[in-house]
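Hi,

Here is the structure I promised to pass on.

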Amino acid sequence: RASFMTGWYTHVRGHRSLWHLLHDDEPNLLRYLKNGGYTVNWWGKNDLLAEDSFNSSVTLAMQSGGGMDGGNKYKFGEDGYYSFLSNPFDGNMTVMSDYRNVEAAIQYLQSKPDKPFMLYLPLTKPHPPYSAPEPFYSSINPKNLTDLRPANLVGKPDYHQLIRKYRNLTTLNDEFFKELQAVYLGSISYSDHLFGMLLQALEETGYADSTAVFVFADHGDYAGDYGLVEKWPSGLEDVLTHVPLLVRVPGGAKNHRVAEQVQHMDIVATILNLANITAQHTHFSQDLTPIVMGASGDPNRVVYAEGGYGTNEPQDFEGNCNVSSQAGMCNPKAIYYPKGMQQQQHPLSVCRSVMIRTPKYKLVYRSDERDPDHCSELYDLQKDPRELNNIYNESSYEDVKKQLKEQLLLWYIQTSDVTPFKTDGRGYFPPHQDVDSKLMTAIHKMGLQNPDNVIGENPVIYSAPKNLK
């Protein structure tokens, strides 16, 4: 999430975990727009900004209360309890949290604001638990779904089997996972419905022809593929990283679908360009405006993704029962209990990972100080687009693997950090404080009373205020 608001990769500033959000000393797209004269209103959850960032970045921010899910479909102790599969929401969709957030945005549009605005709607669904209100919950027939990516594939990273073990998924069959994915797709349909409500409101209030609309997800979901559910921090399968990006701008091309690769963070450069705002920080976002206007994408573009935690940074891991904010995960009845326990007991299964994806190949390299090459993956996307056959250790692909690793090294070198635009004056000292006689005696003994040791006519001597220790 930090990436699509800054244009920075994860490694640039270390926004790697759930607990490290964007602070006031870091750039973000919302602040650029607010400083550019936009009213920035936010309705939805917050996994983005730290407390000290809101005043400078947002005009109004709130999360509407309301229902989310229909409750677990299984009792504690039953297989399926930890699968996130839930019953349909029991009630009218108008009292659900996501609906109320969209409704609040619509009411704002109906108030006919005359100042430029940016509405940010980070909704929760289709995030697990897998649930939705009817008729969306039952709108997809599991029997009509194509075969899911199978479980227990050879060569998959260790967390595949560990997730299935910790979540008690090993006894669940393909029929179960198809049912789960059908509910997930139904939940997406519910989100589509809310999006349609927003588009209709733009039309009815007269803002449609002057408003840019961006729709995207921060991550995908296993949703039954590979016999897995939810997501995993070091998982970089396409089902998690290949997410939708829909853009509609005034004067933009209609029904223009782009097959070439782009990245989440491209949102930053694109919106800044559309808003005629100049970035005041170094970023790695690419402006997609030409594509939005009808051009093709770059057929040779290479994209990257990162995830996972280093075992030398225990503050990143979930399931730490000594941290009050994570105490809820330590209850065996909590739906995220298996995830936290797996990370605490098998930290290498969530070690740092990095992905390089070319139009032909995909390398996922995992590394930790405990194991420099842990469960890495390589796929020939032309022969194996569903990522079923890990060829990382096949000798015939050794040259491909070497080349991709070299590209990763160059990428890290070229994006490893950024220098602030703001510069600092050299030679500054704080205002002179009273210096006691003992310190002055010591200074004289050091030779500073000798003009040959003094720079300038009036050397600056600084000592901390006496009330500081």
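The largest cavity is lined by Ile163, Arg167, Val229, Glu230, Lys231, Trp232, Pro338, Lys339 and Gln342. By cavity I mean a set of points, on a 1 Å grid over the protein atoms alone, where a 1.4 Å probe fits but cannot get out; lining residues have an atom within 4 Å of a point. This is a predicted model: local features need pLDDT of at least 70 and side-chain atom pairs count only at pLDDT 80 or more, while totals for chains, interfaces and linings use all residues. Residues are numbered from 1 along each chain as its sequence is written, and side-chain values use heavy atoms, with hydrogens and water left out.

The space in that largest cavity is about 50 Å³, a volume being the space filled by probe spheres set on the points, which are joined across faces, edges and corners. Helix α11 (residues 337–345) gives the most to its lining, three residues; helices (H or I, at least four residues) and strands (E, at least two) are DSSP runs numbered from the N terminus.

The second largest cavity holds about 40 Å³. Among the residues lining it are Ala2, Trp8, Arg13 and Leu22, and its largest share, three residues, comes from α1.

Now the core. The largest nonpolar core has 48 residues, and Tyr130, Tyr190 and Tyr222 have the most contacts inside it. Such a core is a set of buried Ala, Val, Leu, Ile, Met, Phe, Trp, Tyr and Cys residues joined through side-chain atoms within 4.5 Å; buried means under 20% relative accessible area, exposed over 50%, and partly exposed in between (1.4 Å probe, protein chains only). Its largest share, eleven residues, comes from α7.

What about salt bridges, and how many are there? The count comes to 21, taking a side-chain nitrogen of Lys or Arg within 4 Å of a carboxyl oxygen of Asp or Glu. One of them joins Lys156 and Glu377, with the closest N and O atoms 3.9 Å apart. Lys156 lies in the loop between β3 (117–120) and α6, and Glu377 in strand β9 (residues 377–380), so this pair ties together parts that are 221 residues apart in sequence. Both Lys156 and Glu377 are buried. Asp24 and Arg31 also meet in a salt bridge (3.2 Å, N to O); here Asp24 is partly exposed at 37% relative accessibility, whereas Arg31 is buried at 12%. Finally, Arg1, Lys45, Asp47 and Asp218 are linked in a network of salt bridges.

Best wishes

Methods. 1 Å grid on protein atoms, 1.4 Å probe; cavity = no way out; pocket = protein on both sides within 12 Å on 5 of 7 lines; lining within 4 Å.
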